[in-house]
Amino acid sequence: MINCRFHCRLAVRTILICILMSLASCVSIHDIPDTPVPIEPTRPATKLPPSKDWSSRWLRGEPCFAPCWEGITPGRTSAMVAVDLLSRSSLVARVEMTTSRLTPEYGEINWDWSEGQGGGRASFHTNSPDQTVYAVSPDFPTSFELRDVIQAYGDPSHVLAAAGHGPDFGSGISYDLWIVDQSQGFAVRTGGHSKPVLGADMLLNDVVFFDPADMGFISPSEWLVPWQGIRDFEFYCHDEESGRACHSEN
């Protein structure tokens with residue numbers, strides 16, 4: 001039977017994660033159109049170039065430790081303040097904010113890096129009293145190792161490891177691995193069509209900073225299990241095929 005439920009849930013989670021994050025100084029949040037609104041940096045007029053290892057600043061607690069990232073703390077920092085911080089940062093070249101008519105309750109701040117490609121996202125609820133950012137997802141241009149994360153923050157709290165077949169069995173198996181530190185308010189992730197090898201030298205692609213009081217974006221929550229050290233992926237893995245997807249290879 002086609003494992004649609006697994007991929008539908010992954011799709012929903014991806015949408016929720018991608019609903020993560022920006023704003024002009026004189027524009028009301030409720031007036032933000034579907035078309036992104038570019039925000040020109042205020043001051044300083046000339047930004048100093050970022051250091052060569054800027055993407056690992058969060059592992060050194062510069063300028064703050066998680067869940068704070070570059071001065072933005074999910075659950076505390078408003079969207080307006082987040083935009084102002086980003087527009088002043090030497091890491092950021094361009095900031096814009098947008099909402100969608102389909103999901104007007106979600107606002108998203110997007111930015112581009114001043115060096116290299118890509119950028120990041122921050123999400124907030126437009127209908128909350130102070131439009132507080134609830135998640136920040138910088139898309140770093142470089143990967144980092146699990147050992148670096150543990151050295152900086154200690155052992156994580158939870159793991160979500162999932163596997164499932166695509167729309168048809170010919171498309172192979174998709175894997176998803178989240179390593180979560182709930183008390184520190186961040187999660188690192190990797191995944192794809194190759195089964196992750198959980199180890200100290202495992203390269204991770206993504207990090208999401210979130211309000212430690214709210215892990216609702218990580219789903220299915222019933223597959224979150226307590227961290228029990230570095231084990232095989234299959235040890236933590238869940239699927240909806242009685243383990244067949246977790247223990248098989250593409």
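A: Asn 110 is found in strand S3 (residues 106-113), where strands (E, at least two residues) are DSSP runs numbered from the N terminus. This is a predicted model, in which local features need pLDDT of at least 70, side-chain atom pairs count only at pLDDT 80 or more, and totals for chains, interfaces and linings use all residues. Residues are numbered from 1 along each chain as its sequence is written, and side-chain values use heavy atoms, with hydrogens and water left out.

Asn 110 counts as buried because its relative accessibility is 17%; buried means under 20% relative accessible area, exposed over 50%, and partly exposed in between (1.4 Å probe, protein chains only). The side chains of Asn 110 and Glu 108 are joined by a polar contact of 3.2 Å. Such a contact is a pair of N or O atoms within 3.5 Å; within protein, one must be able to donate a hydrogen and the other to accept it, and residues adjacent in sequence count only if both atoms are side-chain atoms. Leu 86 lies 24 residues from Asn 110 along the chain, with 9.7 Å between their C-alpha atoms.

Strand S7 (residues 158-165) is mostly covered, with 8 of its 8 residues buried. On one side these are His 158, Leu 160, Ala 162 and Gly 164, and on the other Val 159, Ala 161, Ala 163 and His 165.

S7 pairs with strand S8 (residues 173-181) in the antiparallel sense over 8 bridges; two strands pair if DSSP finds at least two bridges between them. Ala 162 has Asp 176 as its bridge partner in S8, and stands opposite His 238 in S13.

How values were computed
Helix = DSSP H or I, 4+ residues; strand = E, 2+ residues; numbered from the N terminus.
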